[in-house]
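Notebook open, new structure on the screen. I want to look up a few contacts and jot down what turns up.

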Amino acid sequence: MNPSNTDSELIKTVAVDLKDLLQLSVTPDSVDRDDLAKAIAPMVSQLLNREFERFLQLCYRLDLGEGKVREILNQSPPEELTHRMSLAIVDRQLIKVHFRRKYSG
């Protein structure tokens, strides 16, 4: 599955899921994965900079994968770290929602 080629309904479902997981006060009003990544970036940045242990717990809950997290943390320029991590979170959620829909009937 290519997460960049998703429909708006899938994005909306992921936005609601991320609202709950990130404890956002409002559901991100996003139309594509890049918009959604931008919408969650402030919370991701806060977690990375101030609550790293909570960030790692979130990654575990999202099933993001230690290798992926480590790769982004070690290989991303500091100015791109939050954006790349936000995209990885959105992409993982898109994949999970896609498969949940595909195999739930």
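This is a predicted model: local features need pLDDT of at least 70, side-chain atom pairs count only at pLDDT 80 or more; totals for chains, interfaces and linings use all residues.

**Entry: a salt bridge to begin with**

I started with arginine 101 and glutamate 9, whose side chains meet in a salt bridge at 3.5 Å, N to O. I count a salt bridge when a side-chain nitrogen of Lys or Arg is within 4 Å of a carboxyl oxygen of Asp or Glu. Arginine 101 lies in helix α5 and glutamate 9 in helix α1 (residues 8-22), so this pair ties together parts that are 92 residues apart in sequence. My helices are DSSP runs numbered from the N terminus (H or I, at least four residues; strands would be E, at least two).

Residues are numbered from 1 along each chain as its sequence is written, and side-chain values use heavy atoms, with hydrogens and water left out.

How exposed are the two partners? Arginine 101 has 34% relative accessibility and so counts as partly exposed. Glutamate 9 is also partly exposed, at 49%. The cut-offs I use are under 20% relative accessible area for buried, over 50% for exposed and partly exposed in between, with a 1.4 Å probe and protein chains only.

While I was at glutamate 9, I looked up a distance to valine 31. The two are 22 residues apart along the chain, and their C-alpha atoms are separated by 9.0 Å.

**Entry: other salt bridges**

How many salt bridges does the rule give? The count comes to 8. Side chains of opposite charge can pair when their charged atoms come close.

I looked at arginine 100 next. Arginine 100 forms a salt bridge with aspartate 17, and the closest N and O atoms are 2.9 Å apart. Arginine 100 sits in helix α5 and aspartate 17 in helix α1, so this pair ties together parts that are 83 residues apart in sequence. Arginine 100 is partly exposed at 46%, whereas aspartate 17 is buried at 19%.

Then came arginine 54 and glutamate 51, whose side chains meet in a salt bridge at 3.2 Å, N to O. Arginine 54 is partly exposed, with a relative accessible area of 28%. Glutamate 51 is partly exposed too, at 27%. Elsewhere, salt bridges that share partners join Arg33, Asp34 and Asp91 into one network.

**Entry: arginine 33**

Is arginine 33 buried or exposed? With 18% relative accessibility, arginine 33 counts as buried. Its side chain makes a polar contact of 2.7 Å with the side chain of aspartate 91. For a polar contact I need N or O atoms within 3.5 Å; within protein, one must be able to donate a hydrogen and the other to accept it, and residues adjacent in sequence count only if both atoms are side-chain atoms.

**Entry: α1 against α2**

I checked how these two helices sit. α1 and α2 pack at an angle of about 10°, with their axes 11 Å apart. That makes α1 roughly parallel to α2. Axes here are lines fitted to C-alpha atoms, for helices over the stretch in contact, and angles run from 0 to 180 degrees between N-to-C directions. Under 35 degrees counts as roughly parallel, over 145 as roughly antiparallel, 65 to 115 as roughly perpendicular and the rest as oblique.

Which residues meet? Ile11, Val14, Ala15, Leu18 and Leu22 in α1 meet Arg33, Leu36, Ile40, Met43 and Leu47 in α2. Contact means heavy atoms within 4.5 Å.

**Entry: serine 76**

I found serine 76 in the loop between α4 (66-75) and α5. At 12% relative accessibility, serine 76 counts as buried. What does its side chain reach? The side chain of serine 76 reaches the backbone oxygen of isoleucine 72 at 2.8 Å. A polar contact of 3.5 Å also joins the side chains of serine 76 and arginine 84. Leaving aside neighbours within four places in sequence, I see serine 76 in contact with Glu71, Leu81 and Arg84.
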